Amino acid sequence: MIPILMALAAAAGPPPLPPLPIPRPHAVAGQKEESCLALARSAPEQAAETASQWRAKGGGIPALLCQGLAYTALERWPDAGATFETAAVEAERTHDIRRADFWVEAGNAWLAGGNPARARQAFDTALAVGSLQPQVEGEIHLDRARALVATGDVAGARTAIDRGLALVPSDPFAWYLSAALARRENDLGRARTDIAKAVTLAADDSAVLLEAGNIAGLSGDGDAARKYYESAVRAGPRTPAGMAAASALAANGGTVPTPAR
């Protein structure tokens with residue numbers, strides 16, 4: 001067992017937020033919507049202003065979607081959360097099939113912005129829409145679990161993750177979240193089992209490999225921890241997970257792999 005590896009493993013933070021997806025389209029997007037969405041990716045400041053003007057002229061859900069995505073790109077999380085909530089309410093009123101997606105987008109924005117209680121409300125509302133595809137429902141349970149962890153409800157988060165795993169058993173991120181939560185629960189047996197599944201499904205994901213190293217270190221297997229950390233560096237040398245793994249290796253006198261050119 002290597003004490004510094006153990007300390008670094010214990011200090012590892014929560015899993016990172018996944019990227020926010022664009023909600024499913026209700027119909028073929030018009031030219032104005034396509035233009036605004038493209039602008040949200042390339043010039044989000046301009047897109048936010050364009051969408052604001054469009055909303056003022058009655059742009060409805062397309063304008064709200066564009067504005068919400070622009071705020072997301074700008075990491076203006078409270079603005080993004082409020083905008084997606086407005087879109088969700090409008091989608092409820094018009095029976096738009098994207099209403100659950102908008103609640104999920106709102107929840108992820110609130111979570112990224114440090115408001116997990118409001119995020120949980122948004123995820124609960126998304127689940128209440130009903131008639132969701134298993135994949136979609138499973139991912140919402142995982143998002144809800146992250147919000148519950150952030151509010152300190154570890155037991156509730158475990159229930160939510162287990163529901164998500166039952167619906168999306170092939171999602172490596174689900175097993176990664178479960179392993180990270182098990183580590184927090186001091187259930188290293190489950191943590192090892194679940195992170196092994198995550199590694200099998202995503203062997204080149206630096207965050208998964210970092211967590212595998214964390215769990216190996218806490219389990220007293222220093223050699224395995226080093227190997228996982230080295231793999232994490234190779235998989236993503238410039239990612240937060242890869243840099244954390246490199247720090248763990250350097251702190252223990254290990255050799256940090258040279259990133260591939």
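A residue is called buried when its relative accessible area is under 20%, exposed when the value is over 50%, and partly exposed in between. In this predicted model, buried residues account for 46% of the 261 residues in the protein chain. The protein chain has 14 helices and zero strands.

**Overall architecture**

- Read from the N terminus, the elements of the protein chain follow the order α-α-α-α-α-α-α-α-α-α-α-α-α-α.
- Among the contacts in the protein chain with a separation of 6 or more, 53% join residues 24 or more positions apart.

**The pairing of helices α6 and α7**

- Helix α6 covers residues 99–112 and helix α7 covers residues 116–128; their axes lie 8 Å apart and form an angle of about 165°.
- Angles over 145 degrees count as roughly antiparallel, and α6 and α7 are therefore roughly antiparallel to each other.
- The crossing in which α6 passes α7 is left-handed.
- On the α6 side, the residues that meet α7 are A100, W103, V104, A106, G107, N108, W110 and L111.
- On the α7 side, the residues that meet α6 are P116, R118, A119, A122, F123, T125 and A126.

- A pair of aromatic rings is described by the distance of the centres and the angle of the planes.
- The count comes to one aromatic pair.
- F173 and Y176 form this aromatic pair, with 5.6 Å from centre to centre and 55° between the planes, and the pair is tilted.
- F173 and Y176 are separated by about one helical turn, because they stand three residues apart in helix α10 (residues 172–184).
- Y176 has a relative accessibility of 6%, so Y176 counts as buried.

- Helix α13 (residues 222–235) has 14 residues, which at 1.5 Å a residue should span 20 Å.
- The expected span is 1.5 Å times one less than the number of residues.
- The buried residues of α13 are G222, A224, A225, Y229, A232 and V233.

**Residue T94 in helix α5**

- T94 is located in helix α5, which covers residues 77–94.
- Is T94 buried or partly exposed? With 37% relative accessibility, T94 counts as partly exposed.
- T94 and I61 are 33 residues apart in sequence, while their C-alpha atoms are 9.8 Å apart in space.

Technical notes:
Residues are numbered from 1 along each chain as its sequence is written. This is a predicted model: local features need pLDDT of at least 70, side-chain atom pairs count only at pLDDT 80 or more; totals for chains, interfaces and linings use all residues. Side-chain values use heavy atoms; hydrogens and water are left out. Rings of Phe, Tyr and Trp (its six-membered ring) pair if their centres lie within 6.5 Å; planes under 30 degrees apart count as stacked, over 60 as edge-to-face and the rest as tilted. Helices (H or I, at least four residues) and strands (E, at least two) are DSSP runs, numbered from the N terminus. Buried means under 20% relative accessible area, exposed over 50%, partly exposed in between (1.4 Å probe, protein chains only). Axes are lines fitted to C-alpha atoms, for helices over the stretch in contact, and angles run from 0 to 180 degrees between N-to-C directions. Angles under 35 degrees count as roughly parallel, over 145 as roughly antiparallel, 65 to 115 as roughly perpendicular and the rest as oblique. A crossing is left-handed if the near helix is turned anticlockwise from the far one by less than a right angle, and right-handed if clockwise. Contact means heavy atoms within 4.5 Å.
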